[in-house]
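Please consult the sequence and the model shown below.

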Amino acid sequence: METMTTIPYSEAQRMEVRSLVNLAGEVIAYYWPMRTFIYRNVLHGLEYLDFEDAVKQGQRFLGGRPYLPNNRFRDYFQIGRIRIEDIDAALTPLIQGKTVMIGKRPVTHLEVLRAQFLQGIKVPDHGHQERVRGSLSERANLEAVANRLRTVLRPPNQDARVQTTVLADTQALGHDVTLSAWCDQILGTRIVEQINEELIKWCGAFVDEGHAAWTMPHRETSFYNAWKHLAQHDFSGTFLGIQDWKHKIQSLPERPEDTILRYLETLGIPKILWEDYLSLQLGALPGWTGFIKWRAEEAGYEWQAAFPASLVKYLAIRLFYERELVHKACRTELGIAGDYTALLAFMQDQAHVHCLRHARVTGILNQEFTQKVDRLRYRIPRASQGAWQTLADHYS
């Protein structure tokens with residue numbers, strides 16, 4: 001049976017946690033009881049930023065997509081919704097006074113930028129698209145530039161691509177991606193969804209305002225304490241595969257701040273990333289956390305006065321589930337601890353295996369390698385590191 005040592009935290013440390021949670025919660029817009037339809041700006045908490053910075057933060061913490069994908073814009077160009085004049089106007093500030101020779105024809109920097117912008121350095125397939133507004137000679141020139149650039153710009157070799165991917169993924173861990181989201185992306189788990197399902201269940205029961213036929217017991221003790229009392233008797237821990245979950249919940253600290261500190265340290269999150277990491281956790285369910293944030297700041301609200309909730313209490317519960325499920329997945333799939341340092345070491349020491357697993361989850365492997373990866377995962381559940389490395393080397 002795994003045990004955790006209870007670390008006595010000071011009041012100063014608890015105050016620091018509360019301050020960090022307040023800062024982390026700035027990305028979450030308030031969500032209040034809406035009796036009639038009203039528009040809610042999900043970036044309300046980021047209105048102090050410039051537009052570009054606000055949408056980037058929204059994408060990072062809330063998972064939104066600020067802009068359409070490039071292929072959608074290219075489709076709009078193909079059907080004439082975006083004109084060639086509009087493209088040139090957007091690219092003009094970037095133009096440098098340089099040219100390249102393709103055969104006997106000089107090609108301007110604008111033409112090179114336009115080819116990359118519109119076609120991504122590849123030959124377009126016009127067979128199924130409507131005619132572009134513009135001359136055939138203009139399209140021919142674009143195709144010629146794209147063809148030429150494809151021969152000049154050689155793709156990096158596999159090792160370079162792997163190292164680039166690993167570098168990006170290691171930098172994103174804890175900053176843009178939680179440990180639970182990493183497991184989902186690399187191991188094919190559904191930990192974030194499982195945590196969300198648990199938090200939705202408990203949030204819905206706790207913040208009920210008289211609509212439920214059966215009310216949640218112990219709500220007057222606060223969200224964290226009510227959950228701690230009731231979760232011991234809930235069979236979700238068994239369904240989630242958390243070993244000895246009753247004892248683990250019983251042994252949690254009395255103060256939610258202490259629980260947050262315990263799990264940030266157990267997960268190994270560097271202190272410099274704590275604020276970002278907590279923002280990512282809050283952004284996983286922005287509707288519920290937005291409502292809890294609103295209630296916590298409305299001291300005179302009768303339901304909050306009777307049944308206190310706060311983002312600190314919410315995060316204490318969420319981090320409990322994350323730590324347990326990440327630890328279980330990493331032990332089962334990789335034979336490593338489920339913490340920040342261990343995941344970094346795995347990506348750096350087994351870079352090709354990391355990329356192979358990611359490729360399987362994203363669905364870009366061909367059928368042969370998909371079957372081989374699944375065989376190692378399911379038919380040989382404790383396959384050696386060497387077996388994975390051999391398969392990754394063949395994939396490379």
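The model is predicted; local features need pLDDT of at least 70, side-chain atom pairs count only at pLDDT 80 or more, and totals for chains, interfaces and linings use all residues. Residues are numbered from 1 along each chain as its sequence is written, and side-chain values use heavy atoms, with hydrogens and water left out.

Across the whole structure, 19 salt bridges are found; the term denotes a side-chain nitrogen of Lys or Arg within 4 Å of a carboxyl oxygen of Asp or Glu. Three of these pairs are tabulated.

| Pair | N to O distance |
|---|---|
| K271 and E16 | 3.3 Å |
| E324 and R323 | 3.4 Å |
| E368 and K372 | 3.0 Å |

The salt bridge between K271 and E16 ties together parts that are 255 residues apart in sequence, because K271 lies in the loop between α13 (256-266) and α14 (274-283) and E16 in helix α1 (residues 11-24). Helices are DSSP runs of H or I, at least four residues, numbered from the N terminus. K271 is exposed at 52% relative accessible area, while E16 is partly exposed at 34% (buried: under 20%; exposed: over 50%; partly exposed: in between; 1.4 Å probe, protein chains only).

E368 and K372 are 4 residues apart in helix α20 (residues 367-379), about one helical turn. E324 is buried at 5%, and R323 is buried at 7%. A network of salt bridges links E11, R14, R18, R255, E257 and D258.

The structure holds 0 disulfides (pairs of cysteine sulfur atoms within 2.5 Å). C203 is buried at 1% relative accessible area, as is C355 at 13%.

Conventions: Helix = DSSP H or I, 4+ residues; strand = E, 2+ residues; numbered from the N terminus.
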